[in-house]
Amino acid sequence: ELIIIDAASPDGEAEVIARMTAGRSDVVYHRTDTRIGIYAAWNLGARLARGRYLTNANLDDRRRADSLAIQAGALDANPWADVVYQDFLVTLDPMLDWDDVAAYGFRSNLPPVSPRQMMKFNLPHHAPMWRRSLHQDLGFFDESYRSAGDLDFWLRCIAARKRFFKVNEPHAVYFFNPNGVSTRSDGVGPSEGLEARTKFTDALLPAHAHVDAETFARDVIGLEESVLATTDRLALVHQALRDLGRAHRIGPTTGGAA
């Protein structure tokens with residue numbers, strides 16, 4: 001079914017929608033009395049939905065014709081998965097259709113969803129599909145956010161040990177809007193994202209993941225140097241392993257074997 005939420009738009013879309021959906025029992029049109037934010041609109045749609053699976057599409061989104069079938073098929077085939085997501089194509093022109101965007105070939109390369117990755121990226125990011133039952137378990141999107149309500153919800157999913165499944169093939173288009181609420185340089189996207197992640201830091205990451213590099217080196221992996229050559233944690237772990245190897249190196253034996 002298609003649920004259309006008209007957030008009291010002043011532009012007269014209702015007439016166009018009524019004409020294009022006449023006689024369609026699988027279309028639900030709901031117009032609010034007042035202007036509402038994006039997450040309030042998503043929540044309203046989720047509450048009206050009757051299907052097992054949900055996904056969202058904003059006005060500047062594009063999908064390939066088989067996009068929904070791919071996502072629903074992935075959830076059907078993987079009953080352990082709660083959310084399915086995918087890489088996506090990127091465009092700077094919201095007027096291009098799927099074929100035009102695909103011809104340019106600019107695409108994402110999203111990492112697997114994990115607590116650590118969620119601290120760096122807004123995963124699953126664009127056009128996921130999820131089980132409606134998630135809202136029964138975890139509630140709805142936090143309407144106090146203007147930009148990070150989806151990130152907050154996915155962080156709740158990770159904290160509740162819900163599972164994500166990635167489809168590598170891109171079948172949706174993300175419009176990178178330089179004037180968008182979450183993407184413009186003076187927007188609330190960065191600050192809200194930091195706020196959402198801060199709430200879940202202790203729940204999702206081990207204590208050593210958010211201490212300073214010197215404490216990590218000294219107390220977690222046992223480096224004794226008073227001055228660190230680097231603050232890169234992977235390099236520090238490599239250094240600790242080299243020190244451990246030198247300390248326990250086995251010398252040559254008379255028997256010709258070590």
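Predicted model: local features only at pLDDT ≥ 70, side-chain atom pairs only at ≥ 80, totals over all residues.
Residues are numbered from 1 along each chain as its sequence is written, and side-chain values use heavy atoms, leaving out hydrogens and water. Local features need pLDDT of at least 70, side-chain atom pairs count only at pLDDT 80 or more, and totals for chains, interfaces and linings use all residues.

**Aromatic pairs**

The whole structure holds 12 aromatic pairs. Rings of Phe, Tyr and Trp (its six-membered ring) pair if their centres lie within 6.5 Å; planes under 30 degrees apart count as stacked, over 60 as edge-to-face and the rest as tilted.

| Pair | Centre distance | Plane angle | Class |
|---|---|---|---|
| W130 and F141 | 5.9 Å | 85° | edge-to-face |
| F141 and W154 | 6.4 Å | 85° | edge-to-face |

W130 sits in strand β7 (residues 129–131) and F141 in the loop between α6 (133–138) and α7 (149–159), 11 residues apart. Helices (H or I, at least four residues) and strands (E, at least two) are DSSP runs, numbered from the N terminus. W154 lies in helix α7, so its pair with F141 ties together parts 13 residues apart in sequence. W130 and F141 are both buried, meaning under 20% relative accessible area (1.4 Å probe, protein chains only). W154 is buried too. One aromatic cluster includes W130, F141 and W154, along with Y39, W42, F153 and F164.

**Helices α9 and α10**

A213, F216 and A217 in α9 meet R233, L236 and V237 in α10. Contact means heavy atoms within 4.5 Å.

Methods
Buried < 20%, exposed > 50% of the residue type's maximum accessible area, 1.4 Å probe, protein only.
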